[in-house]
Amino acid sequence: MNTAIKETHFQFPGQVGFYKGKVRDVYFFEDKIAVVASDRISAFDVVLPKPIPYKGQVLNQIAAKFLQATADIVPNWVTATPDPNVTIGKKCEPFKVEMVIRGYLAGHAAREYLAGKRSVCGVSLPEGLKENDKLPEPIITPTTKADFGHDEDISREDILAKGIVSEADYAVLEKYTQALFAKGTEMAREKGLILVDTKYEFGKFGEEILLIDEIHTPDSSRYFYADGYEANQAAGLPQKQLSKEFVRQWLIANGFQGKEGQLVPEMPNEFVQEISGRYIELYEQIIGEPFVKGDISQLEQRIEKAVLKELGA
């Protein structure tokens, strides 16, 4: 019995295409898509061998709640969430950029800054910052959306000069990104969290620009705990993060960082269950509600039945 989804291979009526991402299986129809959030987990750009029970449900339901909570400020692609692991929505033409927004000097931006750079994606940064310091104001640091390989930093000026996005459309993307980050920051604060940085993706459905993909999940965002933030900064201590960083640290401790020639270590079942428990904790902290586990006794059949019903098949 499969109690976690590693991959799906459904054939739905009217299906015109399929795409397997790192975590999601996407089924294409004429004007809509059905996205199945699998239980795959990736780190260092590598999908790890064992799926994590309930991880897909956690991510799908966090994204669904945030998409619903922000629909009044930014229109999005979702039309239905017929199953804990499934979202169905409008088939959009994605923009080839990811809108990364940062409120704090962390992650990639901090590494660039500590290496001596005072500009990220064409945005100037002031002198005298420490890692994890709050920035004077949130900054947008876009990346290209690569079909293969890694996404790369790109400036607003280069996006417009290369015609990747029109100036009129990009102005909308910037406005939406700032509005979503402000709302996400407010919602995080209510749960004792700091939304450090995140990314948004957008697409066009006809002439309308819509928010697509997931938002504000631990896989697409970085959160700090607000309690202790100021004290840790003053003392030069690391911040307590709400993310899947503990998985990366376990891999590093077991000799894997995604580098050529390195083998992915075998994750013991006990660690797989620990990851599952941590993802459920992430859900409950971010959403502020108890996590209700979906019935996984017939997981794939449950998902297939829900999609077929939503499609009217």
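Which strands does helix H1 (residues 55-70) lie across, and at about what angle to E6 does it run?

## Basis

This is a predicted model, in which local features need pLDDT of at least 70, side-chain atom pairs count only at pLDDT 80 or more, and totals for chains, interfaces and linings use all residues. Residues are numbered from 1 along each chain as its sequence is written, and side-chain values use heavy atoms, with hydrogens and water left out.

## Helices on the sheet

Helix H1 lies across strand E2 (24-28), strand E3 (32-37), E6 and E7. H1 runs at about 145 degrees to E6. Axes are lines fitted to C-alpha atoms, for helices over the stretch in contact; angles run from 0 to 180 degrees between N-to-C directions.

Helix H8 (residues 299-311) also packs on the sheet. H8 touches E3, E6 and E7. The directions of H8 and E6 make about 140 degrees. Contact here means heavy atoms within 4.5 Å.

## The sheet

The sheet is open and has 5 strands, in the order E1-E2-E3-E7-E6. Pairing is antiparallel. Strand E1 (17-20) and E6 are the edge strands, each pairing on one side only. On average, neighbouring strands are turned by 20 degrees against each other, direction ignored.

Two strands pair if DSSP finds at least two bridges between them. Helices (H or I, at least four residues) and strands (E, at least two) are DSSP runs, numbered from the N terminus.

## The E6-E7 hairpin

Strand E6 (residues 78-83) and strand E7 (residues 86-90) run antiparallel. They are joined by 3 bridges. The hairpin between E6 and E7 passes through 2 residues. Ala80 has Ile88 of E7 as its bridge partner. For Val78, the partner in E7 is Gly89.

## The whole chain

The chain holds 8 helices and 17 strands. Its radius of gyration is 20 Å, close to the 20 Å of the globule rule for 313 residues, so the chain is as compact as a globular protein of that length. The radius is taken over C-alpha atoms; the rule is 2.2 Å times the number of residues to the power 0.38. The C-alpha atoms fill a box of roughly 60 × 50 × 45 Å along the principal axes.

Of contacts between residues at least 6 apart in sequence, 64% join residues at least 24 apart.
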